[in-house]
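Okay, thanks for having me. Let me put the structure up, and then we'll walk through it together.

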Amino acid sequence: MHELLRKSISKLGGDKSTQVTSWMKSWDADGNGTLSVAELRAAISDLSGRAGMRGAFVDSVASEDDAFQELFRKIDKNASGTISIGEL
């Protein structure tokens with residue numbers, strides 16, 4: 001799933017740093033400067049739709065929660081329970 005996230009960002013082209021910073025602000029629903037698991041789930045849905053890869057991140061609905069939790073743990077390098085812009 002993590003590799004698919006990278007591929008979907010790459011498919012969008014442009015300056016990745018600027019895009020990710022802008023998206024981070026739009027995905028951060030509570031405005032605290034970090035992403036929660038729920039915000040990451042919404043972000044993946046948004047990003048995969050933009051890249052034309054909707055539904056590509058999980059094999060089945062049953063594995064969706066596990067896939068998001070695994071991706072979150074991989075990105076949340078300091079294990080704070082949130083994802084900062086630096087971790088993206």
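A quick word on terms: helices (H or I, at least four residues) and strands (E, at least two) are DSSP runs, numbered from the N terminus. By that count, the protein has four helices and zero strands, and from the N terminus the order of elements reads α-α-α-α.

Before going on, some housekeeping. This is a predicted model, where local features need pLDDT of at least 70, side-chain atom pairs count only at pLDDT 80 or more, and totals for chains, interfaces and linings use all residues. Residues are numbered from 1 along each chain as its sequence is written, and side-chain values use heavy atoms, with hydrogens and water left out.

Now the overall numbers. Of the 88 residues, 32% are buried, meaning under 20% relative accessible area, with exposed being over 50% and partly exposed in between (1.4 Å probe, protein chains only). For contacts, think heavy atoms within 4.5 Å. Among contacts with a separation of 6 or more, 59% join residues 24 or more positions apart.

Let's zoom in on Leu-35. Where is it? In the loop between helix H2 (16-27) and helix H3 (37-50). Leu-35 counts as buried because its relative accessibility is 0%. Setting aside residues up to four places away in sequence, Leu-35 touches Met-24, Trp-27, Asp-28, Phe-72, Thr-82, Ile-83 and Leu-88.

Asp-76 sits in the segment after H4.

What the Asp-76 side chain does reach is the backbone nitrogen of Gly-81, at 2.8 Å. Apart from neighbours within four places in sequence, Asp-76 is in contact with Gly-81, Thr-82, Ile-83 and Glu-87. Thr-82 and Ile-83 were on the Leu-35 list too.

Last stop, Phe-68, in helix H4 (residues 61-75). Buried or exposed? Phe-68 counts as buried, because its relative accessibility is 7%. Its C-alpha is 9.2 Å from that of Ala-38, 30 residues away along the chain.

Terms used: A polar contact is a pair of N or O atoms within 3.5 Å; within protein, one must be able to donate a hydrogen and the other to accept it, and residues adjacent in sequence count only if both atoms are side-chain atoms.
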